[in-house]
Amino acid sequence: MARAFNFNAGPAAIPLEVLQQAQEQFVDYHGAGMSIMEMSHRSALYEDVNNEAQALMRELLGIPSHYEIMFLQGGASTQFAMLPMNLLREGQPAAYVQTGAWADKAIKEAKLIGETVIAASTAEDKFMRMPNLAEIAVPANASYLHLTSNETIGGTQFHEFPDTGSVPLVADMSSDILSRPIDVSKFGVIYAGAQKNLGPSGATVVIMREDLVKDNPKTIPAMFRYETHAKAKSLYNTPPSFAVYMVSLVLKWIQAKGGVAEMEQYNRDKTKLIYDVIDGSGGYYKGCAHEGSRSLMNITFRLGSEELEKQFVKESEKEGFIGLKGHRDVGGLRASTYNAVPLESCQALAQFMKDFQQRNG
Ligand SMILES: *Cc1c(COP(=O)(O)O)cnc(C)c1O
């Protein structure tokens with residue numbers, strides 16, 4: 001069996017061991033005579049999956065006991081709206097850090113719900129960097145401060161987080177959750193679609209401080225209220241059960257690898273291989289993100305011309321590389337190197353890049 005060198009941005013690579021385990025359990029889950037997909041979400045077997053996924057998430061990220069963990073549907077895009085519906089208060093603007101395409105989408109949705117302010121923006125630098133913490137101005141009465149920890153399209157990442165005092169800090173971590181240790185107690189809310197670092201699409205993780213879960217306008221329809229889902233342990237209605245099951249397997253895989261600190265080192269080793277080729281190419285490859293903001297999850301780079309970039313993609317596909325074309329909005333090239341992308345794929349890409357330069361430089 002030949003596995004592709006998968007650098008897709010999302011849905012993205014899932015560890016081979018996880019896929020194989022899911023395959024083993026696919027038709028007959030733990031002797032139940034049926035697949036996990038065919039089972040009641042009220043069954044003891046599924047409840048175990050749900051509880052285990054939550055417990056592993058808590059353990060791996062070191063989530064304090066006064067935080068709720070929810071598995072919802074609708075992707076991070078639904079969170080863009082659900083968050084202000086629940087937390088944006090009249091007379092207290094929601095502050096947003098504007099760092100690229102995903103932050104922009106979050107801002108657009110919040111504007112439909114209430115007042116917003118831009119706490120910092122790197123638009124002038126074409127979103128090729130994250131702001132310094134000192135650039136972020138949070139109004140004292142803000143409902144919350146929202147940031148995007150990793151901009152998947154631009155290839156930039158926050159390497160430290162602001163201290164927002166009594167204003168809740170909210171982070172869209174869709175493309176870098178569990179890729180490194182974080183201090184969860186600095187955050188009021190963390191959310192992430194699963195399909196980049198956690199498993200398949202269909203499940204969205206929300207980690208939220210208890211007091212924020214409870215404090216919401218009671219006029220919000222039940223499905224859009226965090227309290228509904230937290231109270232029901234994410235079993236208020238039918239959950240994305242197969243996706244949550246896959247997430248639980250991915251979490252077990254991370255645990256077996258030694259946890260998120262080991263994941264971070266692995267991601268550093270992987271991305272260094274590729275950034276080193278970019279930096280050592282004498283300008284043949286140009287990294288898009290400013291050096292201090294470079295992402296360990298999405299490496300964005302360009303070649304001298306769009307023709308050459310097209311040729312790069314075409315030749316790379318012939319050699320088994322998938323997903324290296326940049327996002328349609330920004331062009332260029334992008335290698336997404338999430339947790340599940342093996343070191344071997346990055347070694348192969350680094351070698352391909354060197355060979356390509358030699359042939360076409
Ligand atoms: C992919 C992504 C999203 C959108 O996720 P969906 O699950 O498709 O809604 C939002 N934010 C970031 C940072 C992303 O990478």
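**Cavity, pockets and ring pairs**

Student: How many nonpolar, polar and charged residues are in the lining of the largest cavity?

Tutor: The model is predicted, with local features needing pLDDT of at least 70 and side-chain atom pairs counting only at pLDDT 80 or more, while totals for chains, interfaces and linings use all residues. Residues are numbered from 1 along each chain as its sequence is written, and side-chain values use heavy atoms, leaving out hydrogens and water. The lining (residues with an atom within 4 Å of a point of the cavity, which is a set of points on a 1 Å grid over the protein atoms alone where a 1.4 Å probe fits but cannot get out) includes Trp253 and Lys196. With Ala, Val, Leu, Ile, Met, Phe, Trp, Tyr, Cys and Pro as nonpolar, Asp, Glu, Lys and Arg as charged and the others, Gly among them, as polar, the lining has eight nonpolar, three polar and one charged residues.

Student: Which strand gives the most to the lining of the second largest pocket?

Tutor: Of the 22 lining residues, Lys126, Met128, Ile153, Gly154 and Val330 are closest to the centre of the second largest pocket. Helices (H or I, at least four residues) and strands (E, at least two) are DSSP runs, numbered from the N terminus. Helix 4 (101–113), strand 12 (298–302) and strand 14 (333–336) each give two or more residues. The most, three residues, come from strand 12.

Student: Why is the pair of phenylalanine 242 and tyrosine 245 called tilted?

Tutor: The model has 18 aromatic pairs, counting rings of Phe, Tyr and Trp (its six-membered ring) with centres within 6.5 Å; planes under 30 degrees apart are stacked, over 60 edge-to-face and the rest tilted. Here the centres are 5.6 Å apart and the planes stand at 45 degrees, so the pair is tilted.

Student: Is tyrosine 245 buried or exposed?

Tutor: Phenylalanine 242 and tyrosine 245 sit three residues apart in helix 7 (residues 241–256). Under 20% relative accessible area counts as buried, over 50% as exposed and in between as partly exposed (1.4 Å probe, protein chains only). Phenylalanine 242, at 24%, is partly exposed. With a relative accessible area of 3%, tyrosine 245 is buried.

Methods. 1 Å grid on protein atoms, 1.4 Å probe; cavity = no way out; pocket = protein on both sides within 12 Å on 5 of 7 lines; lining within 4 Å.
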